[in-house]
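Reader: I am new to this structure. Please walk me through some of its contacts.

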Amino acid sequence: MTSGAFVTCWGNSNFRDEQLLVTQSTADLSKVTVPGTTVKAGDWIRSLSTGPSCWAVATTGVNGTGPSLCLDPNSCIADLADSDLLKGQMNRAISSITLSSTRPSDWPGATAPATPSLWRGSVLSDLGAASINRKVKSLCVKLVKSVPGAGPFLGILVSGLWPSGLPSDTEIWAGMEKWVESLVNDIGVQAADNAYKAEMEGLFSDLRLIQYDIDNKTPELAVHYGELLHSITASYLPKMDSTSDVIAAQTLTYITVLGTIMIAVLRGSFVYAQEIFGDTHEVAFNRTQTQAAIKIVRKTLSRGIAFARQNRMAKITIESGKNWDHTQTWYQLSDPYAQTYLGYQVSTDFTGTSAADAHSTVAKDQSVYTDQFAGPTFDALFQPFFDIANVWTYFDQDPPADTDWTPPTAPQVVKMGPWGGNDMSLTGVFSPGEVNHMCGQFDWAPSSRIVKLELFDLTGIRLTTADGAVRHIGPTNGKDVQTFDLSSPDRAIIGAFGAWDTTLKSLQFRTNYSTGSGGVDCFDRGNHRGDSNGGDGPYPFASNGSDGGDAILSGLFGYTDDNPGDSYALRAIGFYWTYQTTVARTD
């Protein structure tokens, strides 16, 4: 079992109260005591999250029996009592948990809710899918490097895209498809991608035949490789180039996987020309064909993502309604896609304000939200696809002399959130706050790396950066202090999740390092509030930047109450994430 395979469990909804870390398969949780209590873990779990390399199956019976809940890596379930999730039957009913650090070959997929609204902010980061994108990017980097022979070169390609060696293996495809569906789930992604799976199986057979020719030195090698090249240049590439924008948006998985295959096969035709064809007469021509293919595939992928982005932005609308006595009209900014990954909605009561002024104010919020948050967030979450496309730009080059070659990267920052009180207005919240204990509005993205974060009773936060600067957000004199020591350069906060209603109710940070407990390589730790002053916090949220670039926390923004005596001072919070993007070759 790898150290990223774990489940963090809480005894209350929205990641609150006592916490139990499960680091190995446990057949009977009734024999496990919750730390700091005398309570047994059987029939105790109300909310949970999974680690970054954890496929988990929770069951109501011991030894893996009874109704089951299947969870992909980095999933967060804020409330097992939700009737949309197996009709709530898993709530405080889990008796056993089985963990796997790799995706089981018979994995049925994560348990889906009855309605998509359950997942509003409930997925910290679909790393189970995003890691698939990283695998394809890593595969592409390997194919650029010097590989001793056409056989090993194609072996890297085939084993990378079909790990089990079977044409029906869908691990890579399904993982990428799930990642796309989570962002553009209303434009027919799965139905469109399914139509192309037969083509992928055909390409698998073509590649395996060529591998056989290479391994057995058959005289048909040049013919079979030439036939595949012809199919690519005369059929697959023209078809892709003529794809409409909407179809491109529906088939991003197909474009990425097929694009990788086509560009790799074309690369092999000039790098291994002597071995495959017995001469090097066509090297220059095949290199030119490779360059043309790179342009077509990158352009098609970009068109698909641009269409999906435009479609996503168009969903952000202004809704209106009447208050209880119909004397006032209210307007609110509505983002239905927030239910899949952002978890943020603005609503403002414009009592005493004219309808025209109220609509105008929310229209400004709409512009700010779209330009500053929804757009950059979407771009960050799609960055893994752009990273793969940028590695393709190196496929028309000769293998680099440096055996440790990797493509250059550049940092990007994305601002996600905020999550918190319902009455906040985007137009008035995000100006920089004063550097003092009760700062009200705050917005701090320091240029120096964060080396310590201290969370005080969920009322205040103290940040320390590498250059010695200290920033207080809210009151920092609480007794329950959670300290995150990030002084080592390889330590970072890589995710945040929690819940809110009229104020922030729970906040958990995920790190990429261990506390030494259970041997896990990251952990979830934070703070929560009780049920007074605003209820339980029914709206979960999750934030973590771009998975493909290994995003780390680099700043915070939001607002606190101005009342120094308010124990609920930290009202809303958002996060700056810094991630690395792959730089395309431009010469």
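**Salt bridges and a sheet**

Author: Arg-309 is partly exposed, with a relative accessible area of 28%; partly exposed lies between buried (under 20%) and exposed (over 50%), with a 1.4 Å probe and protein chains only. This is a predicted model, where local features need pLDDT of at least 70, side-chain atom pairs count only at pLDDT 80 or more, and totals for chains, interfaces and linings use all residues. Residues are numbered from 1 along each chain as its sequence is written, and side-chain values use heavy atoms, with hydrogens and water left out.

Reader: Which side chain meets Arg-309 in a salt bridge?

Author: A salt bridge puts a side-chain nitrogen of Lys or Arg within 4 Å of a carboxyl oxygen of Asp or Glu. Here the N to O value is 2.8 Å. The partner of Arg-309 is Asp-379.

Reader: Is Asp-396 buried or exposed?

Author: Asp-396 meets Arg-585 in a salt bridge, at 2.7 Å from N to O. The two are 189 residues apart. At 4% relative accessibility, Asp-396 is buried.

Reader: Lys-299 and Asp-241 meet in a salt bridge. How many residues apart in sequence are the parts that this pair ties together?

Author: The N to O value of this pair is 3.2 Å. Lys-299 lies in helix α10 and Asp-241 in helix α6, so the parts tied together are apart in sequence by 58 residues. Helices here are DSSP runs (H or I, at least four residues), and strands are too (E, at least two), numbered from the N terminus.
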